[in-house]
Amino acid sequence: MNSTIRREIFTRFRSANPHPTTELEYKSPFELLIAVVLSAQATDKSVNLATRKLFPKANTPEKMLELGETGLREAIKSIGLYKTKARNILATCNMLIEQHGGSVPRTREQLEKLPGVGRKTANVVLNTAYGEPTMAVDTHIFRVANRTGMACGKTVLEVELKLLKCIPGEFRHDAHHWLILHGRYVCVARKPKCAICLINDLCEYEEKNL
């Protein structure tokens with residue numbers, strides 16, 4: 001895919017949705033971090049249902065620790081892998097207090113040292129909370145990048161690096177939100193909705209569902 005087509009793709013995405021953002025509900029970098037950790041192998045909808053009850057009671061590392069593992073498990077038990085996530089969240093809260101003064105760090109290296117936080121989670125926090133032009137490649141972005149021919153790769157990291165290199169700078173901050181939403185609602189896994197896709201004439205997918 002050449003650069004002119006890529007630019008047109010993101011121009012259309014921006015025209016259709018000028019201010020994209022995550023569908024996770026949060027009011028602070030800490031709440032976003034916790035929501036993203038909870039969202040692993042879970043839907044944003046299920047996470048929001050849990051955090052609407054959790055965050056009014058525990059929206060800081062200190063308050064989260066006061067819940068204890070039993071209290072936190074009870075609050076998030078509707079989410080997959082909740083026992084492991086509860087342990088990781090409490091361990092993360094301890095590290096935030098002990099090493100970062102209770103604040104969420106602003107570098108990928110520091111974020112990835114937190115329990116339960118991988119590269120994708122770190123990229124979401126850096127992009128959405130702190131405005132960094134990062135690319136958090138999830139299953140949706142990985143699929144869209146490969147299927148459209150925008151940035152083909154066999155690994156998540158390969159796709160991430162290719163996207164960061166090929167997406168024009170003016171679109172880079174919002175690109176990950178556009179691609180996630182496109183993969184979640186239009187370029188879905190089994191039967192992509194090519195007939196209603198706003199970039200179907202630019203996409204290189206050979207088996208378009210028109």
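Reader: Which helix gives the largest share of the lining of the largest pocket?

Author: In this predicted model, H10 gives the largest share of that lining, with 6 residues. The lining as a whole is made up of 26 residues, and those nearest the centre of the pocket are Ser39, Asp44, Asp138, His140 and Arg184. Helices H3, H7, H8 and H10 are the elements that each give two or more residues to it, and the space inside is about 510 Å³.

Reader: What makes up the lining of the largest pocket by class?

Author: The count is 11 nonpolar, 9 polar and 6 charged residues. For the second largest pocket, with a volume of about 170 Å³, the lining has 3 nonpolar, 3 polar and 4 charged residues; among the residues lining that pocket are Glu25, Lys27, Glu31 and Arg52, and these four count as charged because Asp, Glu, Lys and Arg form that class.

Reader: Why are H8 and H9 called roughly perpendicular?

Author: Helices H8 (residues 139–148) and H9 (residues 156–166) pack at about 65°, with their axes 10 Å apart. Angles of 65 to 115 degrees count as roughly perpendicular, and H8 and H9 are therefore described in that way. Their crossing is left-handed.

Reader: Which residues of H8 and H9 meet?

Author: From H8 come Ile141, Phe142, Ala145 and Asn146, which meet Val156, Val159 and Leu163 of H9. By class, this contact has 6 nonpolar residues, 1 polar residue and no charged ones.

Definitions and conventions: Residues are numbered from 1 along each chain as its sequence is written. This is a predicted model: local features need pLDDT of at least 70, side-chain atom pairs count only at pLDDT 80 or more; totals for chains, interfaces and linings use all residues. Side-chain values use heavy atoms; hydrogens and water are left out. Axes are lines fitted to C-alpha atoms, for helices over the stretch in contact, and angles run from 0 to 180 degrees between N-to-C directions. Helices (H or I, at least four residues) and strands (E, at least two) are DSSP runs, numbered from the N terminus. Angles under 35 degrees count as roughly parallel, over 145 as roughly antiparallel, 65 to 115 as roughly perpendicular and the rest as oblique. A crossing is left-handed if the near helix is turned anticlockwise from the far one by less than a right angle, and right-handed if clockwise. Contact means heavy atoms within 4.5 Å. On a 1 Å grid over the protein atoms alone, a cavity is a set of points where a 1.4 Å probe fits but cannot get out, and a pocket is an open set with protein on both sides within 12 Å along at least five of seven lines; lining residues have an atom within 4 Å of a point. Grid points are joined across faces, edges and corners, and a volume is the space filled by probe spheres set on the points.
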